[in-house]
Amino acid sequence: MIDFTEEQIQRYSRHILLQDVGVEGQEKIMNARVLVVGAGGIGAPVSLYLAAAGIGRIGIIDADVVDLSNLQRQVIHFTKDVGVPKVKSAEEKIKAINPDVKVDTYQEFLDSSNALDIIKEYDFVVDGTDNFPVKFLINDACVMVGKPFSHGGILRFNGQTFTHLPGTACYRCMFKEPPPAGAVPTCSQAGVLGAIAGMIGTIQAAETLKYFTGVGELLTNKLLTFDAKTMQFRTVAVKHRDTCAICGSHPTIDHLIDYEQAACDLKQHRK
Amino acid sequence: MANIYVNGEAQEVNLPLSLSELIRLNKVVQPDMVSVQLNEEFVDRNDWKNIQLKDGDNVDFLYFMGGGSK
């Protein structure tokens, strides 16, 4: 049992007031360890809300430095941060919002060589990445080590998200393998309305907090999609697929795969 | 005439109609990139042409969305 300080009771009073959260729920939040993959459009709002909520330990992984073109949506980075590693910029804001939060920074990209070692240090993973190879990597690594995660994707005016717990539908149940490089445009090619990254990120942050507090129903076996042009939200029921290559009854994937990025993406990626 | 629910919305179609034909009718951009569910079960793309739709079937088109960081 955590002994809350006067300051913590005041800081988290709006959580504690919630019947479904209370002191017990807040304590669970404060004991939680979350890995946020990507400190960009989605990772920014996720990290800000999780820090404000008092998540005990937040790991952030991203190899990039802040670019001027990021500031239109990556709200954790400020104009003064252009040129600064994203993980350092994010750490600074998280600490400023909530000094109680411990922050681990990884200035690298998640790949098959580091994914399992990093992920195993956390209780929940949030996918805030911009590319399919890493989305599949997060999925496969989390399924392999039995970690829950939240998936998020955005494109132009659309967003999609779901939550995976061991045994529920995974990304590969829905999409068997990454699209051929370049077949689906990324945000850096097609553009995205900045606030949509915030919409998906805040839904993912809410799912993370629901997971730790046990409140309500998660987006498991459901894919939430929305079109911000009409503000129509739709939840599609999806089922765990028994023939899934990673989580089915006879998995054919037994190691992590580094899929190739499209050449144009790669150049953007290393910018 | 039959009603098929595509992404939750009713569409009047003439039977017989295969899943492949429905995808064509809906002008799905890049059909290779879409994941299709029939009555909440994923359908392998190799089977699309062999599956005949029935009145009241629910079909969902799920699209890849990358985006996020960068």
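User: Hi! Where is the place of B:P16 in chain B?

Analyst: Hello! In this predicted model, B:P16 sits in the loop between β2 (9-13) and α1 (19-25) of chain B. Helices (H or I, at least four residues) and strands (E, at least two) are DSSP runs, numbered from the N terminus.

User: And how are residues and chains labelled?

Analyst: Residues are numbered from 1 along each chain as its sequence is written, while chains are lettered from A and ligands numbered from 1 in the order in which they are written. Since the model is predicted, local features need pLDDT of at least 70 and side-chain atom pairs count only at pLDDT 80 or more, whereas totals for chains, interfaces and linings use all residues.

User: Is the peptide bond from B:L15 to B:P16 cis or trans?

Analyst: That bond is cis, with omega near 0°.

User: What is the mean pLDDT of chain B?

Analyst: The mean is 90, and 94% of the residues in chain B reach 70 or more. For reference, pLDDT is the predictor's confidence in each residue, from 0 to 100. In chain B, confidence is highest in strand β1 (residues 2-6), at a mean of 96, and lowest in strand β4 (residues 41-42), at 92.

User: What ipTM and pTM does the complex get?

Analyst: The predictor gives an ipTM of 0.86 and a pTM of 0.93.

User: Back to chain B. In what order do the strands of the open sheet run?

Analyst: The order is β2-β1-β5-β3-β4, five strands with mixed pairing. Strands β2 and β4 of chain B are the edges, each pairing on one side only. Two strands pair if DSSP finds at least two bridges between them.

User: How many bridges join β1(B) to β2(B)?

Analyst: Five, and the two strands run antiparallel. As an example, B:A2 has B:V13 in β2(B) as its bridge partner.

User: Which phi value does B:N7 take?

Analyst: Phi of B:N7 is near 50°, a positive value in a residue other than glycine. B:N7 lies in the loop between β1 and β2 of chain B. B:E40 also has a positive phi, about 65°, although it is not a glycine. You'll find B:E40 in the loop between β3 (34-38) and β4 of chain B.

User: Why does B:N7 count as partly exposed?

Analyst: Because B:N7 has 15 C-beta neighbours inside 10 Å. A residue is buried if 20 or more other C-beta atoms lie within 10 Å of its own, exposed if 12 or fewer, and partly exposed in between, with C-beta atoms placed from the backbone. B:E40 has 12 such neighbours, so it counts as exposed.

User: Let's switch to chain A. How many helices and strands are there?

Analyst: Chain A has 11 helices and eight strands. Its radius of gyration is 18 Å, close to the 18 Å that the globule rule gives for 271 residues, so chain A is as compact as a globular protein of that length. This radius is taken over C-alpha atoms, and the rule is 2.2 Å times the number of residues to the power 0.38.

User: What share of chain A do buried residues make up?

Analyst: They make up 48% of the 271 residues.

User: Which residues have the most contacts inside the largest nonpolar core?

Analyst: Those are A:V34, A:V37, A:I55, A:I58 and A:V125, in a core of 70 residues. Helix α10 (residues 194-213) of chain A gives the most to this core, nine residues. A second, separate core of five residues includes B:I4, B:L19, B:L22 and B:V36. A nonpolar core is a set of buried Ala, Val, Leu, Ile, Met, Phe, Trp, Tyr and Cys residues joined through C-beta atoms within 7 Å.

User: How many residues does the contact take from chain A and from chain B?

Analyst: It takes 36 residues from chain A and 18 residues from chain B. Being in contact is defined by C-beta atoms, placed from the backbone, that lie within 7 Å. On the side of chain A that touches chain B, the largest share, four residues, comes from β5(A).

User: How do the residues on that side of chain A divide?

Analyst: There are 16 nonpolar, 15 polar and five charged. Here Ala, Val, Leu, Ile, Met, Phe, Trp, Tyr, Cys and Pro count as nonpolar, Asp, Glu, Lys and Arg as charged, and the others, Gly among them, as polar.

How values were computed. Contact = placed C-beta atoms within 7 Å.
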